[in-house]
Number of protein chains: 2
Amino acid sequence: MHHHVFWLEIVFILLAFIAMWFAVSNFSSVKRIFIGRPLRSKELHAQHTKLFWIIALPILSADLYSSVAYGPEAGMTELVGLGASAKWFILPITISTILLLAILITSYIMGVIAYPSGGGAYAIAKDNFSNPLPSLIASSSLLIDYILTVAVSVSAAVEAVSSAYPAVGPYETIVAIVCVCLLVIINLRGVAESAKIFAWPTFLFMACMLLLIVVGLTNEASYGFVQPATPPIGQFPPGVTVLLLLKAFSSACSALTGIETISNAVPVFREPQQKSAIKTYIALGVVTAITLMGFAYHLYVQGITPDIHNTMLSQLAGVYYGHGPMYQILIWSTFIVLILAANSTFTGFSQLAAIVATDGFLPRALTNRGDRLGYSNGIIVLAGLAIVLIVAFRAHTNALIPLYAIGVFLSFTVAQLGLLRRWKRVRGPKWGIKFVINLVGFIITALVAVIFAVTKFIDGAWLVLIVLPIIVFLSMMIKRHYNQVAQQLKIDPAETRPGAHRVITIVLVSGVHRVVSNTLSFAKSLGTELVAVHVGFDHEDIEKMEQKWEEWGNPCRLVVLRSSYRSILEPISRFIQALEKWEGEEPGHIHIVVPQFIPKKWWQNILHNQSALLLRAWFFWNKDVVITTVPYHLQK
Amino acid sequence: MHHHVFWLEIVFILLAFIAMWFAVSNFSSVKRIFIGRPLRSKELHAQHTKLFWIIALPILSADLYSSVAYGPEAGMTELVGLGASAKWFILPITISTILLLAILITSYIMGVIAYPSGGGAYAIAKDNFSNPLPSLIASSSLLIDYILTVAVSVSAAVEAVSSAYPAVGPYETIVAIVCVCLLVIINLRGVAESAKIFAWPTFLFMACMLLLIVVGLTNEASYGFVQPATPPIGQFPPGVTVLLLLKAFSSACSALTGIETISNAVPVFREPQQKSAIKTYIALGVVTAITLMGFAYHLYVQGITPDIHNTMLSQLAGVYYGHGPMYQILIWSTFIVLILAANSTFTGFSQLAAIVATDGFLPRALTNRGDRLGYSNGIIVLAGLAIVLIVAFRAHTNALIPLYAIGVFLSFTVAQLGLLRRWKRVRGPKWGIKFVINLVGFIITALVAVIFAVTKFIDGAWLVLIVLPIIVFLSMMIKRHYNQVAQQLKIDPAETRPGAHRVITIVLVSGVHRVVSNTLSFAKSLGTELVAVHVGFDHEDIEKMEQKWEEWGNPCRLVVLRSSYRSILEPISRFIQALEKWEGEEPGHIHIVVPQFIPKKWWQNILHNQSALLLRAWFFWNKDVVITTVPYHLQK
């Protein structure tokens with residue numbers, strides 16, 4: 001089995017990269033099939049790619065709402081080591097989580113009010129701190145958490161399916177990788193079309209979860225609120241420590257990631273954008289709170305215990321529905337909504353990365369929009385890193401949880417601090433209330449971030465605490481590099497003007513044949529000094545070449561260089577050095593012309609020594625010479 | 001554990017490729033450390049890279065001799081399913097193997113006499129058949145078997161070590177890959193230096209094996225030739241079939257691979273080359289026969305049974321020596337000699353591939369000699385394919401055995417047939433005897449090849465029987481391609497002479513800055529028609545560019561193209577099409593000049609859109625245009 005799985009993985013990773021390559025390569029008909037017709041740049045601001053809030057709700061909230069599928073389970077997993085009598089702690093922990101959710105949503109609505117153009121924590125921090133450090137901490141920790149969201153959500157989705165179909169168990173990693181690849185293709189199609197595909201399954205999942213809670217209440221109305229399986233309440237079994245409860249709390253808080261997605265994506269809402277975003281936030285908060293509480297409560301009443309092969313949601317649904325059609329609908333809608341959570345993260349990650357890259361703190365390639373107006377490079381980077389995490393943790397949600405959510409709370413904290421500074425600076429109507437809201441938010445999120453870092457440090461949070469400063473440092477270095485380049489490239493158009501120089505053209509000739517003839521024709525058409533250079537490996541070789549050149553009527557001056565080490569690079573390199581010295585101080589260009597014949601089929605290249613390409617690459621990086629390639633396309 | 005191993009493998013495969021890249025890249029100081037100073041081409045025929053026969057023996061025979069470590073075990077593995085009473089069949093099987101060895105060595109000596117310049121089966125077939133098919137069958141089947149030799153030998157080497165140290169067990173695949181990588185580095189250093197490193201361990205292994213046989217005889221002299229563990233002799237347990245015995249025989253014959261290495265490598269011997277090669281053949285045959293017989297006999301007497309975690313050699317040595325120093329010396333010399341077997345194959349494979357490639361049946365790159373005069377590309381191809389096999393079969397020797405040896409016997413058969421034709425054609429002194437020797441050889445090897453194909457078909461031989469014709473077919477296609485190319489490139493020097501044409505130079509400008517200025521200077525220095533082309537994405541962009549160009553004093557004519565789809569490729573492509581039409585039938589070149597700034601550090605490239613490179617690549621493959629890259633090297 002092991003064998004088998006290993007190979008499948010390799011194959012799928014390769015397929016994934018091939019698919020991605022197709023997706024981003026130009027002029028490809030395969031691409032048209034998967035990605036759709038290219039969109040004009042001006043369609044970017046057209047109404048039809050913008051989202052009505054009721055449609056935006058499922059797309060942008062899938063990340064937050066779907067976490068109910070694994071958040072309570074993550075919390076219960078920490079408690080269950082103490083036995084059944086510790087299970088009731090899930091109730092106060094869930095209540096605390098919901099309170100935290102309320103505080104966060106309120107704080108984030110303040111963010112939307114203050115910054116309607118989106119950007120979330122990063123935009124807020126950037127606006128309120130002159131030093132780039134806070135904003136980089138916010139953006140980097142969010143970007144890390146987005147990657148984790150994809151890994152965690154897809155893993156949880158696959159675990160939901162393998163709960164219903166244990167046969168999927170050994171293939172979890174592969175299935176998860178395939179899901180990520182499908183998400184890449186869907187996201188390269190662009191935001192708005194994604195919406196139309198994805199809105200309904202999330203509504204279905206919400207309906208399923210709410211129905212599950214209603215069915216649970218009906219069940220309890222018939223069989224009592226304390227059932228045979230219900231664990232005792234109010235006991236303090238030996239081993240309960242504050243640290244352990246805090247750890248369970250921080251694991252349960254993995255249900256709160258994804259709140260920032262909406263505030264980052266305000267520009268994708270249809271007008272009025274701010275109002276729509278706030279409406280979405282409130283609706284989402286209410287539904288999430290009800291679901292979390294109801295779900296956790298029924299888990300407690302039915303005495304469900306975490307099982308690595310069967311999620312708690314699947315167990316609870318099994319109690320009420322058996323394995324009939326309702327169970328199947330719930331499992332598959334859980335699967336789909338968790339995949340959509342990952343999908344919403346693709347939008348969030350690529351937009352945030354593009355914003356940060358526009359400011360020069362990340363590689364500029366992240367700002368490139370693809371054919372369908374999505375940020376293609378961001379989408380692919382996210383997918384690649386998420387796949388690495390999925391493979392490294394073999395698609396086990398609970399192994400990934402300790403790394404998770406710490407980034408989100410760090411960025412929450414920075415955002416709150418930024419808003420505090422803003423209210424103090426801008427003032428405006430009711431600024432006192434807003435200040436107090438964000439002050440509470442700041443204290444709570446900072447506290448939660450510290451709790452996360454401390455309680456989950458050994459289990460994996462240390463990794464995030466190492467990677468985060470590295471990313472921040474790299475961002476600073478990137479910015480510095482861009483500044484330096486801009487400085488070097490700047491010219492005064494009135495002063496620096498292009499003028500003609502002396503150019504010495506060197507044509508590399510391997511013999512007397514059609515490709516060389518074609519190349520020499522080109523070189524002779526330029527009005528520059530011309531020398532043909534041939535590298536010979538032994539005496540005979542050299543003599544033969546000189547003779548052939550003679551027969552050819554000496555098309556131009558020929559210099560034959562001798563190579564003792566079978567390298568053609570070295571003698572040419574020495575020849576150029578000599579030319580440079582001889583040229584002296586006078587500005588000018590050394591111009592190397594390389595003949596290259598191009599086979600009809602790309603695979604035929606393997607049959608020809610790619611010395612022309614290697615030469616090009618080497619000179620390009622090592623010498624200050626202009627390089628021209630004259631192609632000769634073979635007919636068959 | 002599984003987790004762990006998976007990652008380590010990925011890391012090692014990556015390291016392997018990095019190491020190989022370093023090994024072949026030019027002008028690298030790292031390379032100097034691993035590979036040594038480059039050798040001049042004329043050193044190729046210098047005496048000091050040629051081998052004295054006593055030194056050539058261990059290097060070129062390691063392949064054949066080392067197989068004693070797994071050949072008898074492979075045979076016994078087939079028999080042991082029938083119980084202890086079938087074990088005695090290993091004795092007649094080993095005797096048959098030795099007879100076959102004698103026939104093969106005699107036939108091969110005929111080959112050396114007829115063809116002192118080396119090339120083995122391929123050279124013989126090529127010389128005696130006008131149709132290239134037989135020689136291609138010979139070379140392809142040998143090349144396949146060389147790859148299998150590396151995989152089998154390295155796997156067996158690692159199994160020897162993990163017999164002594166069971167802790168190595170789970171890491172066998174990784175250790176095997178590391179060994180192959182070390183072999184690549186050693187082989188890129190070249191043949192002669194390898195000799196000095198490698199001669200002594202093989203002698204040590206031979207001494208160890210002979211000593212083991214002597215110790216065994218002493219043991220039997222004291223404790224009797226029939227000991228309590230000795231299985232009964234002469235019984236026919238139920239289930240013994242001719243097919244099963246033939247299968248055991250063909251598995252045991254895996255001990256005979258590697259005979260052709262010497263005849264392929266005649267040119268690496270010191271003069272007199274033929275005599276040295278024949279001496280080596282005879283000495284090797286005698287030692288191998290004694291070892292095989294003695295080893296198999298003691299295995300029988302001590303009643304050793306195959307064990308996946310402990311090789312039979314290790315078990316036998318354990319019986320005589322315990323796990324003391326003699327046991328350790330034997331295990332480690334087995335390990336080293338099996339690695340050397342793989343090493344000798346590197347020489348054989350790369351030389352044969354180079355010979356076939358020189359004839360145009362394999363990619364020409366295989367004829368390139370590296371800095372140290374070894375055929376670098378052949379070495380790397382062999383290593384890559386062997387690593388694939390090792391990973392696919394998880395470094396299990398017995399899983400690889402069914403694929404093995406069939407190729408060798410196919411090539412043997414072809415070679416014998418070739419020699420038969422030669423003796424008939426050339427005649428010469430004592431041609432009758434030589435003819436009879438090779439006739440016997442031909443019949444026997446053809447028979448053995450058929451036995452192999454039939455008995456091992458289901459277990460893996462089918463794979464070889466599919467791959468072989470594919471390689472032969474590809475070889476024919478390669479030859480056809482080279483012929484076609486040569487035809488197309490041929491010109492009559494008196495008729496076709498390079499002359500000047502019309503050239504239109506297009507400079508791609510992204511804005512007004514130093515890199516563009518530098519590029520325009522170059523373009524203006526050529527005496528060609530000049531147009532600057534800018535691609536704008538919206539109206540503002542275009543207007544701004546036109547204004548800047550004006551301010552810059554209109555260095556040349558500017559054409560601004562509008563792109564609606566954020567692609568710069570598409571509008572430029574359309575522009576070129578228009579130019580081509582407008583140019584009409586007149587011969588000429590369209591010449592695109594691309595500015596490219598080159599960061600000081602290679603990794604900084606990730607921070608810049610590589611549009612220049614992508615443009616180059618696209619035009620290169622799709623359009624018949626000359627492309628010039630004008631580099632601008634950044635200072636920091």
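Modeller: Let's begin at A:Gly360, which has a positive phi of about 90° and comes just after H14(A). This is a predicted model, so please read every value below as computed from it. Helix H14 of chain A covers residues 325-358, and at 1.5 Å a residue its 34 residues should span 50 Å; the C-alpha atoms at its ends lie 49 Å apart, so the two figures agree. H14(A) is also mostly covered, with 26 of its 34 residues buried.

Helix H18 (residues 431-455) and helix H19 (residues 457-489) of chain A cross at roughly 115°, their axes coming within 7 Å. On the H18(A) side the contact involves A:Phe452, A:Ala453 and A:Val454, which meet A:Phe457, A:Ala461 and A:Leu465 of H19(A). By class, that contact is made of six nonpolar residues, with no polar and no charged ones.

Now to the strands. Strand E4 (residues 588-598) of chain A has nine of its 11 residues buried. Strand E1 (residues 502-508) of chain A runs parallel to E4(A) and is joined to it by six bridges; in one of the pairings, A:Val503 has A:His589 as its bridge partner. E4(A) also pairs with strand E5 (residues 626-633) of chain A, again in the parallel sense, over eight bridges. There, A:Ile598 is partnered by A:His633 in E5(A).

E5(A) then leads us to the other chain. Three bridges join E5(A) to strand E5 (residues 626-633) of chain B, and these two strands run antiparallel.

The contact as a whole takes 75 residues from chain A and 76 residues from chain B. On chain A, the elements that each supply at least two residues include H1, H19, E4 and E5. The largest share, eight residues, comes from H20(A). Sorted by class, the side of chain A that touches chain B has 34 nonpolar, 27 polar and 14 charged residues.

Finally, how do the two copies relate?

Conventions:
Residues numbered from 1 in each chain as written. Chains lettered and ligands numbered in written order. Predicted model: local features only at pLDDT ≥ 70, side-chain atom pairs only at ≥ 80, totals over all residues. Helix = DSSP H or I, 4+ residues; strand = E, 2+ residues; numbered from the N terminus. Expected span 1.5 Å × (residues − 1). Buried ≥ 20, exposed ≤ 12 C-beta atoms within 10 Å, placed from the backbone. Pairing = 2+ DSSP bridges. Axes fitted to C-alpha atoms, helices over the stretch in contact; angles between N-to-C directions. Contact = placed C-beta atoms within 7 Å. Nonpolar A, V, L, I, M, F, W, Y, C, P; charged D, E, K, R; others polar.
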